[in-house]
Amino acid sequence: MKAFKIVMILTFLVSAFSLQAKIETREFANAQMEEDYASLVLELRCLVCQNQSLSDSNAELAVDMRTKVYKMLSEGKTKAEIADFMVARYGDFVLYRPPVKSSTFLLWFGPLIFIVIAAFIVFSFIRRQSNEKPDIGEQDQKKAHSLLDDK
Amino acid sequence: MARYGLLIGFFILMGVFALVLDRMGSGEYNPRDIPTEFIGKIAPGINVPELYDPSKMVKASDMQGQVWLFNVWGTWCPECWREHKFLNELSKKGIPIVGLNWRDDASEAKKMLDRMGNPFVKIGFDPDSSVAMDWGVYGAPETFVINAEGIVVAKHAGGITPTVWLEKFAKHFQPAQSSTAINNGTL
């Protein structure tokens with residue numbers, strides 16, 4: 001049992017190291033550059049694992065794109081220039097916050113449109129229900145009243 | 001009556017799902033497909049060393065004056081093995097194909113070409129995605145059609161099949177080239 005525990009602990013340790021090895025370390029010239037890098041890799045989307053940002057992804061293309069971002073920052077390019085570089089090649093798709101324009105209109109305002117439609121349906125449903133008068137004859141009403149009054 | 005309405009609605013929805021699934025199966029509505037930014041624009045450069053002769057640079061401008069294919073592949077990509085046979089067919093029919101060996105090992109790449117044939121007129125070697133990024137490539141295989149003026153006119157992400165060739169690519173080539181390529185029993 002003890003041997004088993006030791007093996008388990010070693011396995012976990014080894015796997016922890018192998019995970020560590022995948023994340024590349026970078027040297028930054030100054031704090032501003034480090035900040036720009038950190039925000040760019042969060043803003044840019046990995047094109048292989050499309051629900052991950054560049055910083056989340058271990059896809060090989062994401063690694064190369066991070067390296068490219070790093071290289072461009074080292075060359076003194078601004079954040080906007082780097083974002084433009086990626087958009088020119090991969091389109092607005094590469095941005096997690098694409099600009100508002102005709103092609104992205106549905107993306108930005110689609111949820112709002114759906115909420116308006118849903119609200120309209122719910123509202124008209126409620127109104128129809130409250131407008132419906134219960135169809136009860138006079139006799140039945142009297143009976144109901146007398147039954148209720150009995151109690 | 002309301003219950004029947006619900007049932008009918010359900011069947012209509014099912015029909016729509018089936019239709020979309022079917023169309024997706026034939027390569028449409030692919031949610032992972034990223035539209036290329038390059039259609040109608042001048043093709044980016046290539047400018048990386050040749051796989052077989054690293055002293056020579058592969059350049060897009062070398063292909064000026066002819067319609068050509070730019071095919072991104074790697075030995076690590078099973079879909080690339082699948083499409084390779086069809087690329088061989090196309091090259092036999094005189095379609096010029098420039099390859100980009102992406103994120104690969106040069107000796108592995110050469111081994112694969114020795115085994116499966118080499119359909120490429122030249123092959124750029126791109127281990128660090130520099131060319132791939134310039135062309136907005138996000139997976140392999142990906143293939144571009146570049147016309148005689150150096151403008152990208154079509155692109156396909158995924159393997160080239162006779163169907164893809166017919167629907168997207170054939171129209172950009174000389175009728176003689178494109179039709180013989182598909183009449184040769186590859187369909």
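Let's start with chain B of this predicted model: of its 187 residues, 33% are buried. As for how the chain folds back on itself, take the contacts in chain B with a separation of 6 or more: 71% of them link residues 24 or more positions apart.

Now zoom in on one residue, B:His172. You'll find B:His172 in the loop that joins helix 5 (162-169) to helix 6 (175-183) of chain B. Leaving aside residues up to four places away in sequence, B:His172 touches B:Val67, B:Val145, B:Asn147, B:Val153 and B:Ala154. Take B:Ala154 from that set: B:His172 is 18 residues from B:Ala154 in sequence, and their C-alpha atoms are 8.4 Å apart in space.

Next, have a look at where the two chains meet. Chain A puts 13 residues into the contact, and chain B puts in 12 residues. On the side of chain A that touches chain B, the elements giving two or more residues are helix 3 (60-74) and helix 4 (79-90) of chain A. Helix 3 of chain A supplies the largest share of that side, with five residues. Sort the chain A side by class and you get seven nonpolar, two polar and four charged residues.

Terms used:
Residues are numbered from 1 along each chain as its sequence is written. Chains are lettered from A and ligands numbered from 1 in the order in which they are written. This is a predicted model: local features need pLDDT of at least 70, side-chain atom pairs count only at pLDDT 80 or more; totals for chains, interfaces and linings use all residues. Helices (H or I, at least four residues) and strands (E, at least two) are DSSP runs, numbered from the N terminus. Two residues are in contact if their C-beta atoms, placed from the backbone, lie within 7 Å. A residue is buried if 20 or more other C-beta atoms lie within 10 Å of its own, exposed if 12 or fewer, and partly exposed in between; C-beta atoms are placed from the backbone. Ala, Val, Leu, Ile, Met, Phe, Trp, Tyr, Cys and Pro count as nonpolar, Asp, Glu, Lys and Arg as charged, and the others, Gly among them, as polar.
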